[in-house]
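Please look at the sequence and the model shown here, and work through the questions that follow.

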Amino acid sequence: MEDLFLKISRREIPSACVYEDERFFAFLDIQPCNKGHVLVIPKMHFRNIFDMDAESFSALARVVHTIALATKEATGADGINIVMNNEVAAGQEIFHAHVHIIPRFVDDKVFAPPRHTTYAEGEMETVAEEIRSALL
């Protein structure tokens, strides 16, 4: 099946475009958490962050920043969530890299209360060391 988001970026499927340049396309989500919920996608196919090169991700982040500021102003939002789901376990449903810009309002109850976990004694340093080692 051809990439749904590529079809949207080529305007083969209608969308409410809010931004476009040579590398990125941004449009309103058709199932928004709140009105003004924007999806920002690269026009080149990447499955998600795991196969994006650092330069492409940095360029995506710059576009997200610009659109987030405009979205907050345009919607009168009290805040903004910026979310990128990467792989099924993280909630990714469309396998083309995309970032959600979600306007938030005090008491909008868009997301359930945060669920947190704890570390066992000494476990936090072990996990930190594993991440530092993976950076090498």
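Q: Which residues form a nonpolar patch on the surface, and about how much accessible area do they have together?
A: This is a predicted model, in which local features need pLDDT of at least 70 and side-chain atom pairs count only at pLDDT 80 or more, whereas totals for chains, interfaces and linings use all residues. Residues are numbered from 1 along each chain as its sequence is written, and side-chain values use heavy atoms, with hydrogens and water left out. The patch is formed by I49, F50 and F57, together with about 280 Å².

Q: Is F50 buried or exposed?
A: F50 lies in the loop between β3 (38–42) and α2 (54–75), where helices (H or I, at least four residues) and strands (E, at least two) are DSSP runs numbered from the N terminus. Buried means under 20% relative accessible area, exposed over 50% and partly exposed in between (1.4 Å probe, protein chains only). At a relative accessible area of 61%, F50 is exposed.

Q: With which side chain does the side chain of R104 make a polar contact?
A: R104 belongs to strand β5 (residues 99–104). A polar contact is a pair of N or O atoms within 3.5 Å; within protein, one must be able to donate a hydrogen and the other to accept it, and residues adjacent in sequence count only if both atoms are side-chain atoms. At 2.8 Å, the partner is the side chain of D108.

Terms used
Patch = residues over 30% accessible without salt bridge, like charges linked within 9 Å, V, L, I, M, F, W, Y side chains within 5 Å. Areas by Shrake-Rupley, 256 points an atom, 1.4 Å probe, with all protein chains shown as cover. Salt bridge = Lys/Arg side-chain N within 4 Å of Asp/Glu carboxyl O.
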